[in-house]
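Hello,

Here is the structure we talked about handing over. Please open it first; my notes follow below.

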Amino acid sequence: MAKTVFLETHNLKNKATGLGTFNYELIKGLSQLDLGELKLTLNVKDPKMLSPEFGNKFNYHKYSSLSRHKLFRVRKKYDLWHSVNQNTKVEPLRSGKYLLTVHDVNFVEEISSDMNHRLNKLFIEKLNRATAITYISEFAKKQTHQYFDVPNVPEYVIYNGNPISTVLDTSGFVSKVPVDKPFLYSIGDFLERKNFLSAVKMMVHLPEFNLVLSGNNDKAYGKEIETFINQNNLQNQVFLTGKVDDLAKQFYLSHCHAFVFPSIREGFGLPPIEAMAFGKPVFLSNLTSLPEIGGEHAYYWNHFEPKYMAETLKNGLSHFYSNRSEMEQHMKKRAASFNWKTAATQYLKVYQEILKYTI
C-alpha cells in the first residue's frame with residue numbers, strides 16, 4: 001500500500017535565499033529518484049511554478065499563510081510530515097510521524113537564550129513531536145544538543161549538495177561593477193553573522209585587489225558597510241552589486257581571484273561550495289560548520305583583525321597560485337563531494353526507515 005509524505009516546502013517562494021535553495025534542490029534531487037509507490041506532496045504557494053518542471057512526479061498542496069495558525073492547519077493526515085526548516089510555523093493539525101530537518105539554531109544566540117521565548121518554544125515543540133531528526137552538518141547537530149534537550153530518536157547528518165548543477169555561459173555578461181582589476185568575491189544576506197564588514201576592513205591593507213559583494217544590502221548591516229566604505233575612501237575598491245541572478249553569480253565566481261566568507265555562524269554554507277566548484281581558493285572563518293565544508297585545502301581565519309586577515313589571504317593566495325593546477329583539482333573534487341542527488345537519496349532512505357517502507 002502506498003505511503004504519503006508531506007514536504008513543508010513553502011520557502012520555495014524565494015529561491016534566492018538559503019532555505020529556498022535547499023527546498024528547491026532537495027525537490028529536484030528527489031525528482032530524479034525512483035519513488036516507487038511513495039507519494040510525495042509539496043507545499044507551495046504557486047504549484048504552476050513547479051508543475052512544468054516536475055509534472056506528476058509530485059502532488060501539490062497550495063500554501064496559504066493562514067496555515068501557520070492552528071485553526072487553519074493542514075487537515076489531511078499524511079503518513080509522514082517532513083518539516084524541512086526548523087523555523088517554519090506551518091505544522092500538521094494531527095500528530096503522526098514527523099521528520100524535522102535542522103539547519104541551525106542561531107536564534108538562541110542571536111535573539112534569546114530564554115527557553116520561554118516564542119522561537120525557542122516553537123522549536124521545542126518540533127523536537128518533542130519528531131519521530132526522527134536530520135541535520136545539515138555535524139555542527140548543526142552539536143549546536144542543537146548544546147542548547148536543547150533533544151529527544152531519544154534517530155538522528156542523521158545529511159550534507160547539502162552543490163546548487164550549481166549547470167555551468168552557464170557568462171561570456172556575454174556585462175558587469176555593473178569594475179572587474180578589470182583582480183577581485184575577491186562573496187555573496188550572501190547582509191546580516192551581522194555573515195561578517196562582511198571584516199572583509200571590507202581587510203581591504204584597507206590590500207590595495208592591489210578589489211572586493212565585490214553580492215546580496216541584499218539594503219538592510220541596516222548593509223548601510224553600516226556602506227558608511228565604512230565612504231568614510232575610508234574605499235568607493236573605488238569595494239563594490240556592492242545588490243542581489244544577483246545565477247548568471248551574474250557564476251560570472252563573479254568564475255572570474256574572481258578568490259572567494260572570501262568570514263561568516264561567524266553557518267549551519268552549512270553553500271557559497272563556498274559554489275566557489276570551489278569553479279576551482280577557486282576559498283578563505284573562510286574557522287567557526288561553526290565552515291571547516292566541515294571547506295575541508296583541509298581551504299584557508300581559514302582564526303580571528304578578524306584586518307591586517308592579520310590580509311596577511312593570511314596573501315599567504316594563502318601565494319600558496320594556491322604556486323600550486324594552481326593541483327589546488328584547483330582539490331577544490332573541484334571537494335565541491336563534487338557535495339551532491340544533491342546523493343542528499344535526496346539519503347532523505348528518501350530516512351523516509352523509508354521511518355515508514356518501514358521499501359521500494
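Predicted model: local features only at pLDDT ≥ 70, side-chain atom pairs only at ≥ 80, totals over all residues.

**Helices, sheet and cavity**

In general, the strands of a sheet pair through backbone hydrogen bonds, parallel or antiparallel.

One pair in more detail. β11 (residues 258–261) and β12 (residues 282–285) run parallel and are joined by three bridges. Phe259 has Val282 in β12 as its bridge partner.

Next, the contact between two helices. Packed helices are described by the angle and the distance between their axes. How do α11 and α12 cross? The axes of α11 (residues 306–322) and α12 (residues 324–336) come within 5 Å, and they cross at roughly 100°. Angles of 65 to 115 degrees count as roughly perpendicular, so α11 is roughly perpendicular to α12. On the α11 side, the contact involves His319, Phe320, Tyr321 and Ser322. On the α12 side, Arg324, Met327, Glu328 and Met331 take part. By class, this contact of α11 with α12 has four nonpolar, two polar and two charged residues.

Last, empty space. Rolling a probe the size of a water molecule over the atoms shows where it is left. How many cavities of 30 Å³ or more does a search of the whole structure find? The search finds one. The volume of the largest cavity is about 100 Å³. Its lining has 14 residues. Nearest the centre of the cavity lie Lys77, Tyr78, Trp81, Pro92 and Arg94. Strands β4 (80–83) and β5 (97–102) each supply at least two residues of that lining. By class, the lining has seven nonpolar, two polar and five charged residues.

Best wishes

How values were computed:
Residues numbered from 1 in each chain as written. Heavy atoms only, no water. Axes fitted to C-alpha atoms, helices over the stretch in contact; angles between N-to-C directions. Helix = DSSP H or I, 4+ residues; strand = E, 2+ residues; numbered from the N terminus. Parallel < 35°, antiparallel > 145°, perpendicular 65-115°, else oblique. Contact = heavy atoms within 4.5 Å. Nonpolar A, V, L, I, M, F, W, Y, C, P; charged D, E, K, R; others polar. Pairing = 2+ DSSP bridges. 1 Å grid on protein atoms, 1.4 Å probe; cavity = no way out; pocket = protein on both sides within 12 Å on 5 of 7 lines; lining within 4 Å. Points joined across faces, edges and corners; volume = space filled by probe spheres on them.
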